[in-house]
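Hi,

Here is the structure I promised to pass on.

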Amino acid sequence: MKKILFLHDTNTSLKRGAELTIIQLVALGNQLGYTVSVDLLTNFDSTKSKIQESDLIVLNSTSRCRFEKKLLHYLIDEKIKYIKIEFDYNFCVRRNILCTVDRGIRNCCDNEKYHLYHHVFANAKLNAFQSPKHYQDHFEFYGESVANKIIMPPTVEVDKLQISENKNETVIPFFGDLSYLKGGESLLDYALENPQFTFQVYGKNELRRDLPPNVFLNAYISNDEVLKILGQSKYFFCKPVWPEPSGRLAAEAFLSDCEMITNDRIGTWSFDFYPNNKDKAKQEMKETPQVFWDNINQILYQNQPKEVSDLGHVLVYKSYGGLGDIFFCLPSLLNLKEVSKSVSFAVHPRLVSFFTNYFKEITIVDEEKVKECESDFDKIIELGNYPAFRGYDLPYALKYSTHKKVKQHAIQHHIDGLAKFHKNCSNQYKEYPYFNRNTNFENPYYTVHPGAGFLLKIWPTENYAKLIEELYRLFPRLKCKIILGKEDPNPADFFTKVMPHIEYVTGGLEDIGKAMESAFFHIGNDAGITHVAGAFNVPTVGIYGPTGPGSWGSFAQFNEIIWGKKGNCDLRCNYDVILNCPDRVCLSSTTVPRVLNSLYKLLQKAYEDIAFDFIVNPLLEVDFSETDCLLKIVETELLIEYRDLSMKNSVEEILKGNFKENYSEEEEELIHVFIEQQVIFCIPEFK
């Protein structure tokens, strides 16, 4: 006898739509000879033990489970056989994808949870959705990951319908609490506009407004009583704000011959039996539980997993966006290649040679010439731009359903977009390096790019000049390669002395690539060259101002991002704001010592395994006294009390940057504390 375990986060005694459906499915499963039980997800070890004893898991809602992520990872990692019944939108923190109907809601998803559900759906033996619209909403986010599915009409107990010949034309019922999501506001507005009706609400008022005089609250009632009242009612009101996955109550009202006062956000209305074929609706709803168990039986005795064919030969365009946007696409193309026979990336003719040389995993093609042979490909995808701007107008345009919903880097939005095309396409960011690099330790140099495609995003050029001069003073053996495009400002215009260690890179992308191949580190603005450095995995300091680094930050494995907006400017920048900004404090407030501080942190992380020197944090302020010293780095303070004169002398010498080769055990402990507190850094030797 096969054991089937339902996992659900809510007690089935709370008889809402999901719970009523689960009760019916469990009852029929036991009648059919399975041993079916429900676990309410209160203890992970107990749940795990029951899972191990079961032949199949039916995963229902888990958002209220305090160990939800741990549970889902366990099911996936241990390759447990399970199916997923989706009653809401559990990948969404609010379970309601309200962001799809309210443009004011942004960044509403838990990043980790959103990506975890890609694997939940992709690894399920079957995904069950509540309506065609419910499925389509999920498909917009997850694509082929949810394609192995059935769509279950609401399991209305059709035989219990109690349709009366005499319908009440003056009373309109509402079942459940008056809440914003369930359309409570709309109901009260409708009641005010229609004083000829009385509205009987079987639930509580959760709205922050008084009830109109024709609206009355009643206690909750059983589903049998609901069906009785619906059978006697001429009208039924249902205008939810959120996209209702199913709407069991609405379906019961529809089958009870009520006239619907409704909107288009009810999943049941997306079935082809609505609104004109009640007989078909009744038939499909009666059959739903049996159809569910027929699928369970097939899964239990299915010997071979279904093979999923690859995408064949895929052509990917990137017809819109700047240089950096092109580099942000590279990780997603590598993931796409794993589920395709081949991937061809179409780029501007001037970029073909560069990408052919460095991005060898993917076939690089001329975007103008390849248009003549599109028929050679099985699938064509246009990445357009993220965010879309006008990119959706392009043929084959990819829609970024995660935009403004999942807070993440643009790279991950591209990955998520392409992951929708195949259930086995990874949605993971597989990092570093994308292009080969061989750091030159014998003749070390760094690269600087003081420009940007949009010049109002650049750190003041005189500051770049000061930084380059200071690095030369500190590390005279460390050479510098300045990358200069035709429109880029030149730090040489602000040098106060001769800089013999500098080389200028003024050629095309191939020359920039040669410079990046062996660079020790890179410093640049929010610009395409910073992202070229990321593709070579060059440790990078990125200096950002008007545009925040959340979506556009450097993607090198080791990077430090300086964003001067925090604490200096509260304006949300757009093109007009940037053009009219008088002082660009988000950039001008960033000092040379702050950039050096970030550089030292970067070098300490990136080159921890090679010989190093100590260097004092350039942001350190020290207030010395005879008995102690107060250390301050921006808003962090540290008080060092001297135990004796020897300790006082050691502390003062270290903080003045007078380091020696050998230290006592006490001094080493002190240096260890200073390193932990970022008072001093360990950086590579440039002597």
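Before the sheet, a word on pairing: two strands count as paired if DSSP finds at least two bridges between them. Bear in mind that this is a predicted model.

With that in hand, β18-β17-β16-β19-β20-β21 is the strand order of an open, six-stranded sheet with parallel pairing. At its edges sit β18 (502-505) and β21 (559-563), each of which pairs on one side only. On average, neighbouring strands in this sheet are turned by 15° against each other, direction ignored.

Inside the sheet, β16 (residues 445-449) and β19 (residues 522-525) are joined by three bridges in the parallel sense. Here T447 stands opposite H522 of β19. Helix α16 (residues 528-535) packs on the sheet and touches β16, β17 (479-483), β19 and β20 (540-544). The direction of α16 makes about 145° with that of β19. Another helix, α20 (residues 592-606), lies across β20 and β21 and runs at about 160° to β21.

The other spot I looked at is N148, in the loop between α5 (132-142) and β6 (149-151). Leaving aside residues up to four places away in sequence, N148 touches A124, K125, L126, N127 and K306. With K125 there is a polar approach too: a polar atom of the N148 side chain lies 2.6 Å from the backbone oxygen of K125. K84 is 64 residues away from N148 along the chain, and their C-alpha atoms are separated by 10 Å.

Cheers

Key: Residues are numbered from 1 along each chain as its sequence is written. This is a predicted model: local features need pLDDT of at least 70, side-chain atom pairs count only at pLDDT 80 or more; totals for chains, interfaces and linings use all residues. Side-chain values use heavy atoms; hydrogens and water are left out. Helices (H or I, at least four residues) and strands (E, at least two) are DSSP runs, numbered from the N terminus. Contact means heavy atoms within 4.5 Å. A polar contact is a pair of N or O atoms within 3.5 Å; within protein, one must be able to donate a hydrogen and the other to accept it, and residues adjacent in sequence count only if both atoms are side-chain atoms. Axes are lines fitted to C-alpha atoms, for helices over the stretch in contact, and angles run from 0 to 180 degrees between N-to-C directions.
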